[in-house]
Amino acid sequence: MRQTLAVAAATAFLTAFPAVAQDAGGTPPPPPPTPETTVVVSEWRSVPAENLLVIDTTRGRVLVELTPEVAPLHVERIKLLARRGFYNDVPWHRVIDWFMAQTGDPLGNGEGQSPYPDLKGEFTYRRDAAMPFAAVAEPTGARVGFFHALPIQTQPDAAFALTGDGKVHGWGLYCPGVAGMARDEGNDTANSQFFIMRQAYPALDKRYSIWGMTVAGLDVIRSLKSSATADGMVASEPDRMTRVRVAADIPEAERPTVQVLDTASTRFRALVDQTRAARGADFSVCDVTLPVQVAGG
């Protein structure tokens, strides 16, 4: 307050006697200081409602961020089936502890699918310099990090200049919460069945198409009734998806909104550094859990 008054008083004095400095041959005084403009950078990224899948189950709600940039055909299929009510009341028919939970089969025995054609495999995608990517590790010849909330691995940026389209290969990594598409023996046989990882399982990388990442409700996935047999089939009273919707189709007043820690933020870098320090040589991108804020719905 005193500084403000002092500046105001000085300004009033100079305004009242503008010719004094000029008459003395001195340099005109500088203008009074103005408050500095503060640029506020948000640490949070909002998940678009069109790319948020809301899965209500008998154990609770699961929210999955869809990644059409990584698997456009599979995301389109998931949205189509959700919007047609195909997934409503469908069981989690195959659930294996320390592995994954599988659903999407209306028959509940692993043999069913939708009436639509099978999908071409999307095991990798093409990444350009404009796609957001936050590296957390750079092993020789590769970069590992995040595309939005999805953990990925990609060729190094130096390879942009060596390819005809100016892009490099990238692929999702099967960390906990990653959503992938089930298929038969053939690469292009995915249809409607999908699974969500309960734990990391890198043997699946580049073998099954990844179409999303769980941003809330991994605890629900891990609580689903699991199988006691080697084939993973839940023989009796499996948990179910009661309703599956795209958030954009839910009335705004009832719609959940999700914000995920922005991987471009300084807080994200601090989280990575802290996780790396705690894990040491065992550090993996799967160890980094992005904070999430869920509201509404």
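The structure is a predicted model, in which local features need pLDDT of at least 70 and side-chain atom pairs count only at pLDDT 80 or more, while totals for chains, interfaces and linings use all residues. Residues are numbered from 1 along each chain as its sequence is written, and side-chain values use heavy atoms, with hydrogens and water left out.

One of the aromatic pairs joins tryptophan 92 and phenylalanine 194. Strands (E, at least two residues) and helices (H or I, at least four) are DSSP runs, numbered from the N terminus. Tryptophan 92 is buried, with a relative accessible area of 0%. Phenylalanine 194 is buried as well, at 0% relative accessibility. Buried denotes under 20% relative accessible area, exposed over 50%, and partly exposed in between (1.4 Å probe, protein chains only).

Phenylalanine 195 and tyrosine 208 have ring centres 6.1 Å apart and planes at 80 degrees, so this pair is also edge-to-face. Phenylalanine 195 lies in strand E13, and tyrosine 208 in the loop between E13 and strand E14 (210–216), so the pair ties together parts 13 residues apart in sequence. Both residues, phenylalanine 195 and tyrosine 208, are buried. Phe86, Tyr87, Trp92, Phe194 and Trp211 form one aromatic cluster.

Charges over rings were also examined. A charge sits over a ring if NZ of Lys or CZ of Arg is within 6 Å of the ring centre and within 35 degrees of the ring normal. The charged end of arginine 127 sits over the ring of phenylalanine 133, 4.9 Å from its centre. For arginine 276 and the ring of phenylalanine 283, the distance to the ring centre is 4.7 Å.

An open sheet of 3 strands has the order E1-E16-E17, with antiparallel pairing. Two strands pair if DSSP finds at least two bridges between them. Strand E1 (44–46) and strand E17 (292–295) are the edge strands, each pairing on one side only. E1 pairs with strand E16 (residues 257–261) over 3 bridges, in the antiparallel sense. Tryptophan 44 has leucine 261 in E16 as its bridge partner.

How values were computed: Rings of Phe, Tyr and Trp (its six-membered ring) pair if their centres lie within 6.5 Å; planes under 30 degrees apart count as stacked, over 60 as edge-to-face and the rest as tilted.
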